[in-house]
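Hi,

Here's the structure I said I'd pass on to you.

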Amino acid sequence: MVTQSQSLRDRQVASLEKILNLNHTSPEPSTAQHDLPAANGLIPKATPILNSEGDPIWKVLVFDNLGRDVISSVLRVNDLRAWGVTIHLNLSATRYPIPDVPVLYLVEPTSVNLALINQDLAKNLYSEAYINFLSSIPRPLMEDFAAQIAEAGTAESISQVFDQYLNFIVAEPDLFSLGLGKETYWTLNSANAKDEEIDTVVDKIVSGLFSVVVTMGAIPIIRCPRGGAAEMIATKLDRKLRDHILNSKDNLFSGRGQRSAPTAVTPSSRPVLVIVDRNVDLIPMLSHSWTYQSLVHDVLKMHLNRITIETPLDEENPSKGRTRKAYDLTSNDFFWSRNAGIPFPQVAEDIDTELTKYKDDANEITRKTGASSLEDLQTDNPNTSAQHLKAAITLLPELRERKATLDMHMNIATALLKGIKDRQLDNFFQIEENITKQTRAQMLELLNDGSKGSEPLDKLRLFIIWFLSTEQELSRADMERFEEALTKAGADTAALSYVKRRVECHNQCFED
């Protein structure tokens, strides 16, 4: 049952599980405790629907790049298998016939994707198709798709076609991304961007926000500053919501149209959606933070809740190459949930505390059972009582998963510590905490000091933060000296011209 306390991730997982269950509602949805700590870090398993013979319906999952990102940010391979997915493939990859198995498509409604689906139907790659679009398919595209299917005579192969409104990526319980790519900021702020490109990006943002609103099941009050892309997006989103409610008999926010049980939302309790331009405050994008989560993003490679760590095969001889190891942050990772926003030194202390607690719990179990270690519990031990052995074996999986989680974070913290030392991120953080007190001479000295960190980009970030924060007047000669120091340090100063224009525009608007 969906409650008001359910997070955006809970609701997205519930929608994805319904898709994996061939759009049948599970009698006991597994997302009710999705964001609560669990022993194995996985979503609690639920039973998939059965066929007429009482066997699970095994299926193939096919997605495009956005569909892959949406799923992989909240579900893992074991979760897919729990719902009967035997294999998952990219729509654009080479795929071979599995004629006795149904296929689930989770894709964006584009002409390219529709053509590939039509090819699959014509080749009889799968027994039947369940087509799920991440966003609402435009009517012209739907008509073209229907015409292609009618021409090919493959209509009988299609069992379902649904608009799912899931074209957004949930990284945390209540944090989402639209997955638009790094070029979005350039498109919305560059004078060289064409009107068609801007309209395309704005429409994608509106579509993604509409899907988030649908998933949350409540129509928000929209607020935005006047002018710029924020107002354009807010206006289009408002119009889209109004058109949907007025023109749909069973709209997505009514009791019948809602994908989950409706929540009691009164006019005074409606959520507020605040849309602002990224240029309102550029500094947070550049600052060196000291929390666990931000350091993981800054120092290590993190994408879709997967952290990749590169370490040399031989510390004394780096020329031997490097090895990569990936770690998945599951939704029920108790350590990450508790420490993501905590300063890094406290995280290191918490790891030691949790490891000590684990050792105490393990020693308590072995003491009661008479075993010398946890591994001995899997073997027959005549000195162990049946009652204690049963209790120990029940606790064993939880202890092992807890130890695996702590070992993972120990490895992550070790890699972070090395990155912090190499780049001297603690010094950058301390300087940025008092950035307005830094003089021109101090900044220039820091930029020219070759011993301050190993990453030129850190110095560029620091300078831009200071430039955006300082009230000191900078002459053209001053800027040339700063740019020369940054270039000498190895930083790419191309971004400075844009930052200077933003500051000049801001100052001019403030004077007017």
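The buried residues of helix 16 are Asp458, Lys459, Leu460, Arg461, Leu462, Phe463, Ile464, Ile465, Trp466 and Phe467. Keep in mind that this is a predicted model. Helix 16 covers residues 456-469, and since 10 of its 14 residues are buried, it is largely enclosed by the rest of the structure. From first C-alpha to last, helix 16 reaches 20 Å, close to the 20 Å expected at 1.5 Å a residue.

Next, two leucines to click on. Most residues other than glycine have a negative phi. Leu22, though, has a positive phi, near 60°. You'll find Leu22 in the loop between helix 1 (8-20) and strand 1 (59-63). Is Leu22 buried or exposed? With a relative accessible area of 3%, Leu22 is buried.

Leu304 also has a positive phi, near 55°. Its loop runs between strand 10 (301-303) and strand 11 (306-312). The relative accessible area of Leu304 is 18%, and because buried means under 20%, Leu304 counts as buried.

Now for the surface. Which residues form a negative patch there? They are Asp195, Glu196, Glu197 and Asp199. One of them, Asp199, sits in helix 7 (residues 195-216). Asp199 is partly exposed, with a relative accessible area of 35%.

That's what I've got so far.

Cheers

Methods:
Residues numbered from 1 in each chain as written. Predicted model: local features only at pLDDT ≥ 70, side-chain atom pairs only at ≥ 80, totals over all residues. Heavy atoms only, no water. Patch = residues over 30% accessible without salt bridge, like charges linked within 9 Å, V, L, I, M, F, W, Y side chains within 5 Å. Areas by Shrake-Rupley, 256 points an atom, 1.4 Å probe, with all protein chains shown as cover. Salt bridge = Lys/Arg side-chain N within 4 Å of Asp/Glu carboxyl O. Lys, Arg positive; Asp, Glu negative; His and termini not counted. Charge placed at Lys NZ, Arg CZ, Asp CG, Glu CD. Helix = DSSP H or I, 4+ residues; strand = E, 2+ residues; numbered from the N terminus. Buried < 20%, exposed > 50% of the residue type's maximum accessible area, 1.4 Å probe, protein only. Expected span 1.5 Å × (residues − 1).
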